[in-house]
Amino acid sequence: MPAYPTSAMISFMQNETSQTDYAALAAKIKAWGRALGFQAVGISDTALDAAEARLLEWLARGYHGEMDYMAKHGAKRSRPAELIPGTLRVISLRMDYYPPDARDALEVLRDGNRAFISRYALGRDYHKVLRSRLEKLAEKIRAEADDLNYRVFTDSAPVMEIELAQKARLGWCGKHTLLLSREHGSWFFLGEIYVNLPLPPSGMLEKKDTPEENHCGTCKRCIETCPTQAITAPYQLDARRCISYLTIELKGSIPVELRPLIGNRIYGCDDCQLACPWNRFAHKSVEADFAVRHGLDDVALTELFAWDETTFKERLAGSTVHRIGHEQWLRNIAVALGNAPMSAKVLAALQSRSQHASPLVREHVAWALERHHVFGQ
Ligand code: B12
Ligand code: SF4
């Protein structure tokens with residue numbers, strides 16, 4: 001026992017003496033969360049032992065590729081109270097993002113001259129949208145429990161979001177490794193609030209101890225559909241093969257053998273979700289922030305490839321796509337143009353970038369031209 005109370009002990013002692021009715025507060029949190037635009041809100045404890053073992057195995061296999069941030073935080077990812085001392089519960093929330101006005105995804109994927117951008121990235125950067133709502137919810141909780149210590153997260157820190165959301169009964173982990181709900185499919189983001197309050201975990205009051213049942217059954221459409229066979233087994237994804245990783249997370253050269261499989265996907269990939277039968281029940285987003293911006297749902301590859309860095313920054317300000325930078329953007333579009341049907345327009349676009357200052361861009365452009373049997377640029 002330490003000589004002085006730790007922050008975790010202080011929080012716990014405060015909770016022990018608090019007069020707060022935590023069951024009533026949990027009910028209010030769920031109602032406030034829904035009023036703030038989240039479709040579901042749940043609460044879980046912080047025990048992630050089984051998930052921790054699977055995370056370590058995934059890392060040991062090297063499936064994280066160059067995502068060093070997945071390895072560097074050690075046990076903090078799977079032990080919430082080591083990340084934020086005093087954490088007793090995690091409030092998990094989900095928000096639908098499928099833009100209501102987007103052109104049909106499969107039509108765009110079939111048209112090799114158009115650019116496919118993942119549905120989640122067509123509108124405003126979700127980190128900003130979710131974070132401000134989560135902060136608003138936390139302030140409401142603090143008004144009722146002034147001993148609250150909290151931190152909000154959305155895809156922004158070492159947090160096992162899917163495992164926590166599953167424990168909070170927001171859905172189940174599909175074979176594609178994403179969270180799925182029977183009523184809402186998988187087109188939603190997750191966010192969390194770590195709190196030091198002993199709120200009753202979801203299911204406890206309803207006397208249900210098991211998490212939401214897995215409804216994948218014998219289906220394996222996501223595994224079969226994945227263009228790069230990145231889902232190596234049910235619930236196991238080798239990120240190094242995933243088009244989302246290749247186009248967003250990978251900074252350097254895209255492995256040559258995977259380039260033809262990327263098709264016209266220039267930012268992320270949705271194929272596993274498009275194939276999933278549960279997404280028939282998905283709801284379109286009601287958030288104006290997730291509406292398509294700048295016609296990104298239906299735009300020619302050659303048009304996007306012509307953007308200079310200033311145009312890229314201006315058009316994509318406030319979008320999550322902005323994060324990859326202009327060089328990676330051109331790299332991705334060069335690959336897609338290499339996969340596009342050959343035409344004078346495609347060749348002219350590629351040739352216009354063949355002397356680009358970036359060796360990375362030049363190398364991908366040269367590859368694309370070679371695909372169209374144009375050599376030695
Ligand atoms: C790293 C990361 C990626 C990486 C790696 C993905 C991965 N599967 O690990 C890459 C860049 C490839 C990626 C891609 C995408 N991502 Co991502 N990503 C993350 C991040 C930051 C961490 C995920 C993680 O912990 N991976 C570690 C490994 C170990 O986890 P895992 O592969 O899921 O394996 C777990 C389970 O499958 C399970 N498991 C293993 N074996 C078994 C066996 C059984 C029987 C069972 C039940 C379970 C099970 O155990 C493992 C540990 O829990 C989360 C946010 C977060 N902080 O959690 C977002 C997150 C998962 N991503 C998200 C999204 C939207 C995407 C994309 C759809 C984006 C896109 N359109 O391009 C794709 C989908 C690709 C896919 N099928 O996963 C959302 C998912 C929302 C949802 N509905 O679930 C998240 C939650 C971000 C958010 N806040 O909304 N992502
Ligand atoms: S496509 Fe089938 S196996 Fe994959 S997540 Fe959906 S229901 Fe599960």
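Five elements each supply at least two residues of the shell around ligand 1: α3 (49-60), α8 (161-167), β7 (188-195), β9 (236-237) and α10 (243-249). The model is predicted.

**The shell around ligand 1**

- Ligand 1 is surrounded by 36 residues.
- The closest are Ser118, Glu161, Tyr235, Ser244 and Gly268.
- Helix α3 gives the largest share of the shell, with 4 residues.
- By class, the shell has 22 nonpolar, 8 polar and 6 charged residues.

**The helix pair α15 and α17**

- Helix α15 spans residues 325-339, and helix α17 spans residues 359-371.
- Their axes come within 8 Å of each other.
- The axes cross at roughly 5 degrees. Angles under 35 degrees count as roughly parallel, so α15 and α17 are roughly parallel to each other.
- On the α15 side, the contact is made by Glu327, Leu330, Arg331, Ala334, Val335, Leu337 and Gly338.
- On the α17 side, the contact is made by Leu360, Val361, His364, Val365, Trp367, Ala368 and Arg371.
- The contact of α15 with α17 has 9 nonpolar residues, 2 polar residues and 3 charged residues.

**The two domains**

- The chain is divided into domain 1 and domain 2.
- Domain 1 is written in two stretches, 7-100 and 120-195. Domain 2 covers 300-377.
- The centres of the two domains, taken over C-alpha atoms, are separated by 37 Å.
- In the contact between the domains, 4 residues of domain 1 meet 4 residues of domain 2.
- On the side of domain 1 that touches domain 2, the residues divide into 2 nonpolar, no polar and 2 charged.

**A loop residue: Thr46**

- Where does Thr46 lie? Thr46 sits in the loop between β1 (40-44) and α3.
- Thr46 has 19 C-beta neighbours inside 10 Å. A residue is buried at 20 or more and exposed at 12 or fewer, so Thr46 counts as partly exposed.
- Which residues does Thr46 contact, leaving aside its neighbours within four places in sequence? They are Pro80, Ala81, Thr87, Leu88 and Val90.
- Thr46 and Phe116 are 70 residues apart along the chain. Their C-alpha atoms are separated by 38 Å.

Terms used. Residues are numbered from 1 along each chain as its sequence is written. Chains are lettered from A and ligands numbered from 1 in the order in which they are written. This is a predicted model: local features need pLDDT of at least 70, side-chain atom pairs count only at pLDDT 80 or more; totals for chains, interfaces and linings use all residues. A residue is near a molecule or strand if its C-beta atom, placed from the backbone, lies within 6 Å of it. Ala, Val, Leu, Ile, Met, Phe, Trp, Tyr, Cys and Pro count as nonpolar, Asp, Glu, Lys and Arg as charged, and the others, Gly among them, as polar. Axes are lines fitted to C-alpha atoms, for helices over the stretch in contact, and angles run from 0 to 180 degrees between N-to-C directions. Angles under 35 degrees count as roughly parallel, over 145 as roughly antiparallel, 65 to 115 as roughly perpendicular and the rest as oblique. Two residues are in contact if their C-beta atoms, placed from the backbone, lie within 7 Å. Domain bounds come from an automatic or database domain assignment.
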